[in-house]
Amino acid sequence: MKVIAHIETCFTSKFGIPRQAGLANTPGRIIFEPEYRVAEAVRGLEGFDYIWLIWNMDKAVRDTWSPTVRPPRLGGNRRIGVFATRSPFRPNAIGLSSVQLIGIEHTQEYGTVLHVRGADLMDGTPIYDIKPYLPYTDSHPNARSGFAPSAAEQLLEVDCSPMLLNKIPADMQQGLIDILSHDPRPQYQQDSQRIYGLDYGKHEVHFRVDESRVIVIDITD
């Protein structure tokens, strides 16, 4: 397996990364490795709205594996077979994400750069392959979804003053709201007085959760 590219995202640490691709409207850039900075390699890709990323969960690589894991969706206290989940802790640390392709840029420094939205990848994640998303075969809207039939039933209200929110670049603000509304806390932590810190781009977002509301306390560099 060869790494063909790395992705740049707002997520500099694992805490706060969306649990699935497409849940947060966060921007990202895919930078190809020098060997693959060939414009012809993406010829025709501009005709697709979404692409599949096949990537390496490099921060979750382990020497051993467990046949069962505790999915966050089930509160982190019920075990499910690893192959019935998307847990990063698996025999081969390979991820699969569908992201929106919003532009292809040809640069002098990096050659061809792909601009995407909705990635659930940590900044710097290695990418093994990119494939076009085909709605007629990749989408199965009536398929059963096991223990995760839909996104969170109720999104949290996000209380963040404009003064604080404006510390975040404009194209990243909605992504932050999306992340917080999906409650990034571990499912087993429900302390309404606890202050959490979330790394987002070049900022740290401090917040707490009071029942159905996320209260942003501060945003610092």
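The protein chain has three helices and 12 strands. Helices are DSSP runs of H or I with at least four residues, strands are E runs of at least two, and both are numbered from the N terminus. The radius of gyration is 18 Å, close to the 17 Å that the globule rule gives for 221 residues, so the chain is as compact as a globular protein of that length. That radius is taken over C-alpha atoms, and the rule is 2.2 Å times the number of residues to the power 0.38.

This is a predicted model: local features need pLDDT of at least 70, side-chain atom pairs count only at pLDDT 80 or more, and totals for chains, interfaces and linings use all residues. Residues are numbered from 1 along each chain as its sequence is written, and side-chain values use heavy atoms, with hydrogens and water left out.

Start with the overall dimensions. The C-alpha trace spans about 55 × 45 × 35 Å along its principal axes. The protein chain exposes about 13,000 Å², and carbon and sulfur atoms supply 49% of that area. Accessible areas come from the Shrake-Rupley method with a 1.4 Å probe; for residues, only the protein chains shown count as cover. Of the 221 residues, 39% count as buried. Buried means under 20% relative accessible area, exposed means over 50%, and partly exposed lies in between (1.4 Å probe, protein chains only). Now take the contacts with a sequence separation of 6 or more: residues 24 or more positions apart account for 67% of them. A contact here means heavy atoms within 4.5 Å.

Next comes the barrel. Six strands form a closed barrel in the order β1-β2-β7-β6-β3-β8, with antiparallel pairing. Neighbouring strands of this sheet are turned by 45 degrees against each other on average, direction ignored. The axes are lines fitted to C-alpha atoms, for helices over the stretch in contact, and angles run from 0 to 180 degrees between N-to-C directions. Two strands pair if DSSP finds at least two bridges between them.

Strand β1 (residues 5-8) joins β2 through four bridges, and the two run antiparallel. Within this pair, E8 stands opposite R29 in β2. Five bridges join β2 to strand β7 (residues 111-117), again antiparallel. Here G28 stands opposite V116 in β7. How enclosed is strand β2 (residues 27-32) by the rest of the structure? Five of its six residues are buried, so β2 is largely enclosed.

Strand β3 (residues 50-56) and strand β8 (residues 126-132) pair in the antiparallel sense over five bridges. The bridge partner of W52 in β8 is K131.

Now look at the nonpolar cores. In soluble globular proteins, nonpolar side chains tend to be buried together. A nonpolar core is a set of buried Ala, Val, Leu, Ile, Met, Phe, Trp, Tyr and Cys residues joined through side-chain atoms within 4.5 Å. The largest one has 23 residues, and L176, Y200 and I219 have the most contacts inside it. Two or more residues come from each of α2 (162-165), α3 (170-181), β10 (196-200), β11 (203-210) and β12 (213-220). The largest share, four residues, comes from α3.

Which residues does Y200 contact, leaving aside neighbours within four places in sequence? They are C10, F11, T26, I168, M172, G175, L176, I179 and V205. A second, separate core of 21 residues includes A5, I51, A93 and I130.

The loops hold some backbone exceptions. Most residues other than glycine have a negative phi, and most peptide bonds are trans. D183 is not a glycine, yet has a positive phi of about 60 degrees. D183 is found in the loop between α3 and β10. At 14% relative accessibility, D183 counts as buried. E211 also has a positive phi, near 55 degrees, and is a residue other than glycine. E211 lies in the loop between β11 and β12. At 73% relative accessibility, E211 counts as exposed.

Two further loop residues give reference distances. Q154 is found in the loop between α1 (135-138) and β9 (157-159), and counts as exposed at 59% relative accessibility. Q154 and L180 are 26 residues apart in sequence and 12 Å apart in space, C-alpha to C-alpha. R62 sits in the loop between β3 and β4 (68-69). R62 is exposed, with a relative accessible area of 54%.
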